[in-house]
Amino acid sequence: MATDYDSPRKTDDDLGEDSLQELQARRTDKSAGIIDEDLDAGEVAELPGADLSNEELSFKVVPKQADEFTCTRCFLVHHRSQLAKEKNGEPICTECA
């Protein structure tokens, strides 16, 4: 953006008034509050900092199966096909190896 150095400079009071006018203009601008997102059916757009204190998570916890192991480095449960090696009898997954 080009700056005209010959134009009169604004004082601090003028800057405060312009800011207030700009804020009021943005407040009345209808398109400023529209979120342009593609949402699938049933999805809800959450804004950052939204209060989620009344939300509950419900999911079923399945115990570790016989064909799974817990990596001793990342502590994630993986299928036996992800076993890279065992060091001192401790399983390590392919991602950590």
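This is a predicted model: local features need pLDDT of at least 70, side-chain atom pairs count only at pLDDT 80 or more; totals for chains, interfaces and linings use all residues.
When residues up to four places away in sequence are set aside, Lys 87 touches Arg 73 and Ile 92. The C-alpha atom of Lys 87 is separated by 9.5 Å from that of Thr 72, a residue that stands 15 residues apart from Lys 87 along the chain.

The phi angle of Asn 88 is near 55°, a positive value in a residue other than glycine. Asn 88 is also exposed, because its relative accessible area of 75% is over the 50% cut-off.

Phe 75 is placed in the loop between E1 and E2, and although it is not a glycine, it has a positive phi of about 65°. With 62% relative accessibility, the residue counts as exposed.

## His 78 in strand E2

Strand E2 spans residues 77-79 and contains His 78. Is His 78 buried or exposed? Its relative accessible area is 11%, and because this value is under 20%, His 78 counts as buried.

Leaving out residues up to four places away in sequence, His 78 touches Asp 67, Glu 68, Phe 69, Cys 71, Cys 93 and Glu 95.

A disulfide is a covalent bond between the sulfur atoms of two cysteines. With sulfur atoms required to lie within 2.5 Å, the count for this model comes to 0 disulfides. Cys 74 is in no disulfide, and the nearest cysteine sulfur, that of Cys 71, is 3.7 Å away. For Cys 96, which is likewise in no disulfide, the nearest cysteine sulfur is that of Cys 93, at 3.6 Å.

As for accessibility, Cys 74 counts as partly exposed at 26%, and Cys 96 is partly exposed with a relative accessible area of 24%.

## A nonpolar surface patch

Leu 57, Phe 59 and Val 61 form a nonpolar patch on the surface, and together they contribute about 430 Å² of accessible area. Phe 59 is found in the loop between helix H1, residues 12-28, and strand E1, residues 68-70. This residue is exposed, because its relative accessible area of 65% is over the 50% cut-off.

## The chain as a whole

The secondary structure of the chain comes to 1 helix and 4 strands, and from the N terminus on these elements run in the order α-β-β-β-β. Of the 97 residues in the chain, 6% count as buried, and His 78 is one of the buried residues.

The accessible surface of the chain comes to about 9,300 Å², with 50% of this area belonging to carbon and sulfur atoms. Among the contacts in the chain with a separation of 6 or more, residues 24 or more positions apart account for 4%.

How values were computed: Residues are numbered from 1 along each chain as its sequence is written. Side-chain values use heavy atoms; hydrogens and water are left out. Patches are made of residues with over 30% relative accessible area and no salt bridge: like charges are joined within 9 Å, nonpolar side chains (Val, Leu, Ile, Met, Phe, Trp, Tyr) within 5 Å. Accessible areas come from the Shrake-Rupley method with a 1.4 Å probe; for residues, only the protein chains shown count as cover. A salt bridge is a side-chain nitrogen of Lys or Arg within 4 Å of a carboxyl oxygen of Asp or Glu. Helices (H or I, at least four residues) and strands (E, at least two) are DSSP runs, numbered from the N terminus. Buried means under 20% relative accessible area, exposed over 50%, partly exposed in between (1.4 Å probe, protein chains only). Contact means heavy atoms within 4.5 Å.
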